[in-house]
Amino acid sequence: MDRMIAEPLPADREREVVAQAKSGNYAAREALFLAHRRAVYLLALQLLGNPDDAMDVVQETLLRFFVTIGRFKEESPVRPWLMRIARNLSIDIIRKRSPRRIKPISEDEEMILDPPDPGPGPEALASRRQVQRRVWSAVCELKALHREILILRDYQDLSYREIAHVLEIPVGTVMSRLHKARSCLRELIEESPGKGKGNAEREEP
Amino acid sequence: MKEKCPRGFDEALFSGYLDGELTQADEQLVRIHLEDCDSCRNRFEAMKGTREVTMSTRFVVPRDDQWKELPRTPGSALARGLGWVLLIVWFMVMLAYGLWQFLTGPDGLFEKLLVFGVLTGLGLLFLSVLMDRIRAARTDRYREVER
């Protein structure tokens, strides 16, 4: 699962680093930045579909985190907190986009999706890539409410408790909303090319 | 039409089961149901397959040399915010002062109408942008998402 966190810090070490960062230690802040920038970037990229915007979200998220770090409880994990900030910033960016400039997230998928690890052979690789693209395109067509919860769980690998923290909803709601999102995703995949449109949700552009 | 479990089983539990987030009792409940119900088992397997695809999807991340550096001090954000506030206050004061001087000044009606026309034009442009924003907010893709 190297796709998610580049340089994670063990929980104990993270607590120490947060304490140092709170006292203004720049090296500690940089360590937190290095440990979490990749995960924050991926979430923003998945929500926004644009690498430049995602990079801006990384900067702004970490900046906001360090501005408010005095209020952060050291015993809390940093990642869900950062995810919440990054998710809210991403929503702000989407809201600020001019209506004329809104485009489907999947339009730039060549820039977004990385080729899967080489499998048994080129054919298997091509087939796997095609399936991943098809699923990602379907994810992009989900309602925002469903897309974000699916991204947090299946692409960001957050637990239900962490998702509840990010979205500020009860854990029970996480499970029901996630199930609804997965059902809609399944319908979208089944009706994709050659199968006609069914009842699945589809976000209006 | 979306399929439902003929026995009315709570299908939301499938997601919890798939993610290992259920209590032991609920987990057992789902396992027993899946053994018995073909319809649910098929949907569960399809969901599981999709999840495997999503979890194995990789995204392009910047190389080490492409990352921007951490801003040296968070104080710069505060300074930027304060700068904007001061600039806006200065602009409003200057605008009000200039208008007052102009309206009470010796200029003729024609000059005053010219300036009035320019300001009205700018005001209408601003209004059109505002209306665009309101329309965008009404069709906001994230309107259901709480902040």
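A helix crossing is termed left-handed if the near helix is turned anticlockwise from the far one by less than a right angle, and right-handed if clockwise. The structure described here is a predicted model, in which local features need pLDDT of at least 70 and side-chain atom pairs count only at pLDDT 80 or more, while totals for chains, interfaces and linings use all residues. Residues are numbered from 1 along each chain as its sequence is written, and chains are lettered from A and ligands numbered from 1 in the order in which they are written.

Chain A contains nine helices and one strand, where helices (H or I, at least four residues) and strands (E, at least two) are DSSP runs numbered from the N terminus. Along the sequence, the order of elements in chain A is α-α-α-α-α-β-α-α-α-α. Of the 205 residues in chain A, 40% are buried; a residue is buried if 20 or more other C-beta atoms lie within 10 Å of its own, exposed if 12 or fewer, and partly exposed in between, with C-beta atoms placed from the backbone. Among the contacts in chain A with a separation of 6 or more, 63% involve residues 24 or more positions apart. Two residues are in contact if their C-beta atoms, placed from the backbone, lie within 7 Å.

Helix α2 (residues 26–48) and helix α7 (residues 144–155) of chain A have axes that come within 10 Å and cross at roughly 140°. This angle makes α2(A) oblique to α7(A). Angles under 35 degrees count as roughly parallel, over 145 as roughly antiparallel, 65 to 115 as roughly perpendicular and the rest as oblique. Axes are lines fitted to C-alpha atoms, for helices over the stretch in contact, and angles run from 0 to 180 degrees between N-to-C directions. The crossing of α2(A) and α7(A) is right-handed. In this pair, A:L43, A:Q46 and A:L47 of α2(A) meet A:E148, A:I151 and A:Y155 of α7(A). The contact of α2(A) with α7(A) comprises four nonpolar residues, one polar and one charged; Ala, Val, Leu, Ile, Met, Phe, Trp, Tyr, Cys and Pro count as nonpolar, Asp, Glu, Lys and Arg as charged, and the others, Gly among them, as polar.

Buried residues of α6(A) are A:Q132, A:V135, A:W136, A:A138, A:V139 and A:E141.

The axes of α6(A) and helix α9 (residues 171–191) of chain A come within 9 Å and cross at roughly 125°, which makes α6(A) oblique to α9(A). The crossing of α6(A) with α9(A) is right-handed. A:R134, A:V135, A:A138, A:V139 and A:E141 of α6(A) form this contact with A:L185, A:L188 and A:I189 of α9(A). The residues in the contact of α6(A) with α9(A) are six nonpolar, no polar and two charged.

Helix α6(A) also approaches helix α3 (residues 38–56) of chain B, the axes coming within 9 Å and crossing at roughly 100°. The two helices, α6(A) and α3(B), are therefore roughly perpendicular. A:V131, A:Q132 and A:V135 of α6(A) and B:T50, B:V53 and B:T54 of α3(B) make the contact, with three nonpolar, three polar and no charged residues.

A:E168, not a glycine, has a positive phi of about 55°. A:E168 lies in the loop between α8 and α9 of chain A and counts as exposed, with 10 C-beta neighbours inside 10 Å.
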